[in-house]
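This report describes selected features of one protein model.

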Amino acid sequence: MTKITFPENLKWGAATASYQIEGGAEEGGRSLSIWDVFSRTPGNVKNGDTGDHACNSYHLYKEDVQLLKNLGVDLYRFSISWSRVLPDGTGELNEEGVQYYSNLIDELIANDIEPMITLYHWDLPQVLQEKGGWESRETAHAFLHYAQKMFEAYGDRVNNWITMNEPWCASFLSNYLGVHAPGKQDLQAGVDVAHNLMVAHGLAVKSFRDMIPEGKIGYAPNIGWLEPYSPSEEDRAACRRSMMWQKEWFMDPVFKGTYPDTLVKLFEKENAYLHIEDGDMDLISQPIDFMGINFYTGAIGRYKEGEGLFDVEEIAPDERRTDIGWPIYAEGFYKALTDLRDTYGDVPIYITENGACYNHEVEEDGRVRDQERIDYLKQHLTSLDRAIKAGVPIEGYIVWSLMDNFEWAEGYEKRFGVVHIDFDTFERTPKDSYYWYADTVKNHEFER
Ligand SMILES: CCOCCOc1ccc(-c2cn(C[C@@H]3NC[C@@H](O)[C@H]3O)nn2)cc1
């Protein structure tokens, strides 16, 4: 048997997000978010699913913490519902909402689990959307107010903070491709939202340095990997262009203080323009303590004129697909991580999301036999170990997700959890992958 062994100081975790697990959508003073409005609009989410009840973690968070404790993880990455703590989007706090997260944080600490807070995981208060949402620069300032209130409320107990989750999804997937909330299909809107998200990130980082000087802050972009179909410059350039949309567009501003000119010009050809104000790039490129990386899948990329925005077609590496239809490309994970180090140097990296969708149910004997998810995790953790041994400074690995939850436009059908959720009874059932992951976390190694 082959053993894969990780450094003793690698941190292990599990992740969730507020709109995907909490429920209690109109309880405890919470106001509606853009995802409440989007999911309640017929046709936007599979099976008409909404986050109204989700996994009922608003009421069952203590059970969730026990699942984390028995998993043996060091970290729990969760997000705060902005509209639960600031129902008006700004102004005064809703104390009941603040208390919910305070209770969760205390429960985690009492069980020796480090909280890692994501401030923005896509659930913008609807009241702010109605004032222009992220297309308006004002929302970046509203985000600063929200972030400062959260730093004040939890900075005494929480050291690890993430400003933005997957800004590509929150900007282009949501405002150009129209797949996520608010469901716009406007490239200029996507460009404006992307920039304002990054301005908001910079404003929060700047304030964080004053408010929690000993804390660690970063953000969590998502990336894939496109391997050139051939060594031809056509194929290589096509892959670079396509990956630039999620990589350089959101990383160059932070680590270089610039936007990638190739994409700026490509967007200008589509009549979409950056609206950068004086000081923005200095603000966005403030040093951060780590970069979160969310990785799920990849493909082989080949130049094809007229295909999409970047003249590239994606070819699956092989016939394997997860139950959400994504190819499995663990080699791409290794390549993406070493490519980040080659591009941006030794930026400390947390894998803030990696996992697979497999829609197993609980069987007669109470087990959930998700061997495919175990195989996916083994393949990707092997790539992670290879990247670590190649010198990529990986701080931690956080599996997506602790539990099955509301997978955005796919609803509840698509299951990413190591814990199965019965969405009628909210019963939690650890899957085979839960026990496998617990052993891996405990032993810092696994056998292939
Ligand atoms: C027209 C083309 O559009 C096709 C759909 O395009 C995408 C791309 C990417 C995703 C996607 C979903 N996830 C998992 C989440 N990460 C954050 C956490 O909340 C998980 O639930 N990551 N990326 C979905 C859809």
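Ser383 lies in helix 15 (residues 371-389); helices here are DSSP runs of H or I with at least four residues, strands are runs of E with at least two, and both are numbered from the N terminus. The model is predicted, so local features need pLDDT of at least 70 and side-chain atom pairs count only at pLDDT 80 or more, while totals for chains, interfaces and linings use all residues. Residues are numbered from 1 along each chain as its sequence is written, and side-chain values use heavy atoms, with hydrogens and water left out.

Ser383 has a relative accessible area of 4% and is therefore buried (buried is under 20%, exposed over 50%, partly exposed in between, with a 1.4 Å probe and protein chains only). Neighbours within four places in sequence aside, Ser383 is in contact with Ala330, Glu331, Phe333 and Tyr334, where contact means heavy atoms within 4.5 Å.

Ser39 is placed in helix 2 (residues 34-39) and, at 4% relative accessibility, is buried. With neighbours within four places again left aside, Ser39 contacts Tyr19, Val45, Asp49, Thr50, Gly51 and Phe406. Ser39 and Asp49 are ten residues apart in sequence, and their C-alpha atoms are 6.7 Å apart.

## Nonpolar core

The largest nonpolar core has 157 residues, and Tyr120, Phe143, Tyr154, Trp161 and Phe267 touch the most other members. Such a core is a set of buried Ala, Val, Leu, Ile, Met, Phe, Trp, Tyr and Cys residues joined through side-chain atoms within 4.5 Å. Helix 9 (residues 187-211) supplies the largest share of this core, twelve residues.

Beyond four places in sequence, the contacts of Tyr154 include Ile80, Val85, Tyr101, Ile117 and Trp161.

## Helix 9 against helix 11

In helix 9, Val191, Ala194, Met198 and His201 meet Trp249, Phe250 and Val254 of helix 11. This contact has six nonpolar, one polar and no charged residues; Ala, Val, Leu, Ile, Met, Phe, Trp, Tyr, Cys and Pro count as nonpolar, Asp, Glu, Lys and Arg as charged, and the others, Gly among them, as polar.

Three strands form an open sheet in the order 7-9-10, with mixed pairing; two strands pair if DSSP finds at least two bridges between them. Strand 7 (226-228) and strand 10 (312-315) each have a single partner strand, so one side of each lacks a neighbour in the sheet.

Strand 7 pairs with strand 9 (residues 299-303) in the parallel sense over three bridges. Leu226 has Ala299 in strand 9 as its bridge partner.
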